[in-house]
Amino acid sequence: MLTGEAALSVRHVDVWGRLFIQQMSRIGVDSVPIALFIAAFTGIVLSLQASYTFTGAIPLYFVGVLVGKTMMLELGPVLTGLALSGRVGANIAAELGTMRVTEQVDALETLAYPPVAYLVLPRVMAGIIMFPVVTALAIGMGIAAGWVTALQLLNMSTPEFVNGLTLFFLPFDVMFATVKAVSFGFVVTSIGCYFGFNARGGAEGVGRNTTRAVVVSSMVILALDAFWAVVLL
Amino acid sequence: MSIELRDVHKAFGSNEVLRGFSIMAEEGETLVVMGQSGSGKSVMLKHIVGLLIPDQGTVWVDGAEVNRLERKRLFELRRKVGYVFQFAALFDSMTIAENVAMGLRRIKGTTTDQIRERVAECLALVDLEGFQSRLPAELSGGQQKRAGIARAIATRPKYLLYDEPTSGLDPVTKAVIDRLILRMRHLVGVTGLVITHDVESAYRVGDRIAMLHEGRCRFVGTPDEVRDTEDPVVKGFMEGRPELMEVAS
């Protein structure tokens, strides 16, 4: 229902337009450091584990294949989604929940602002647009970290790593990662908004719903991850 | 034009809060609705701006039946009604000026300069000149309530609803808020509906005083009529004598 109302609220551009830019910064730009941090260490570990697994049996340039494919198809979108469900989802649920229990949402209504257009729509739209951007940066960072690791610790050369990286690359991989990131952005922000909007019972209720928002969005991300693999691969 | 509730029923699960509540605030008057904590005063007030929909009965504001209005018309009606929340409900991430300007930004054709001027005017009216750049957390409880009033009057509403405007305040601040409510009526000429359980305040600001008891309007009259009434519930409440109310129940 909340999502339907949000879709109907698109026409209130005067209400959500300015806030949309603000939310793109809060949801997207502010999330870049944590996403890059996670991706960097994931890239390092992927590179080392690939080399450990392939020793002797498979040419070492396959390290590039594994790092590239895994970061793009799976770990880039999923780890970014899970990290942002904690950072963004919790933030949205706590902020909207506090606004609900302190009657700020009611105050918005009395001032003739449609709360869904003002609070939900800019967040969900910012999530849909910025999750793919953050995910793309995370994938880039993961691959870069894997490459540096391959150069420094696995005695590989850049041409070797790039050769592996491009060997099985398909433009579809980018589309697959984008679809996942868009869906995760929608899920994290809309679930955060739902639990924030429906918070009751003071600080305890806000805390409870914030936890629920993170748990539910993390579970939905993992379920969606499997869903897209079944449908698109 | 006035505010009228006719036979309003509202229940939350098995808890019947309003059981046929009817009342009317005449144009230009300040009507005070009193009642014990948890008697449904805030619930009643939220029906007037369509934040709650009655299970039964009708709510009329400015000649329109609130619960039948489509969303666009409801928002138009809300622009005529200022709502002062019990705990101010100021947007805590915004400055006081931004809070007061919120309603004004929804009025098409209002320029930034006009908004700035009106904000300053409203803050001056509630004795908060120079507080524009402060955050709500930097204000005392009484100042927050006054900022809430400034926000409510910014769009020049015809009606002002006050939800417990003096609860939790010291006697001096209470008197300041009461004076402010009177000033709003005299300067701005609004129809006011004040809900409170503060007897002194009710006598100070009310043209008429009503008593909400067990979900219904138990009594309505002028302050003098309230003082003279022999109704045990009203008398017991006004004089702080629970034994009278218990006997009546």
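Helix axes are lines fitted to C-alpha atoms over the stretch in contact, and angles run from 0 to 180 degrees between N-to-C directions. Helices (H or I, at least four residues) are DSSP runs, numbered from the N terminus. The model is predicted: local features need pLDDT of at least 70 and side-chain atom pairs count only at pLDDT 80 or more, while totals for chains, interfaces and linings use all residues. Residues are numbered from 1 along each chain as its sequence is written, with chains lettered from A and ligands numbered from 1 in the order in which they are written.

In chain A, helix 6 (residues 115-153) packs against helix 8 (residues 171-197) at an angle of about 145°, and their axes are 8 Å apart. Residues in contact (C-beta atoms, placed from the backbone, within 7 Å) include Gly127(A) and Phe131(A) from helix 6, and Ala181(A) and Gly185(A) from helix 8. This contact comprises 15 nonpolar, 6 polar and 1 charged residues. Here Ala, Val, Leu, Ile, Met, Phe, Trp, Tyr, Cys and Pro count as nonpolar, Asp, Glu, Lys and Arg as charged, and the others, Gly among them, as polar.

Between the chains, 10 residues of chain A are in contact with 13 residues of chain B. The chain A side has 4 nonpolar, 3 polar and 3 charged residues.

Chain B is divided into domain 1 (1-74 + 180-249) and domain 2 (81-156), with bounds from an automatic or database domain assignment. The C-alpha centres of these domains of chain B lie 26 Å apart.

Technical notes:
Contact = placed C-beta atoms within 7 Å. Helix = DSSP H or I, 4+ residues; strand = E, 2+ residues; numbered from the N terminus.
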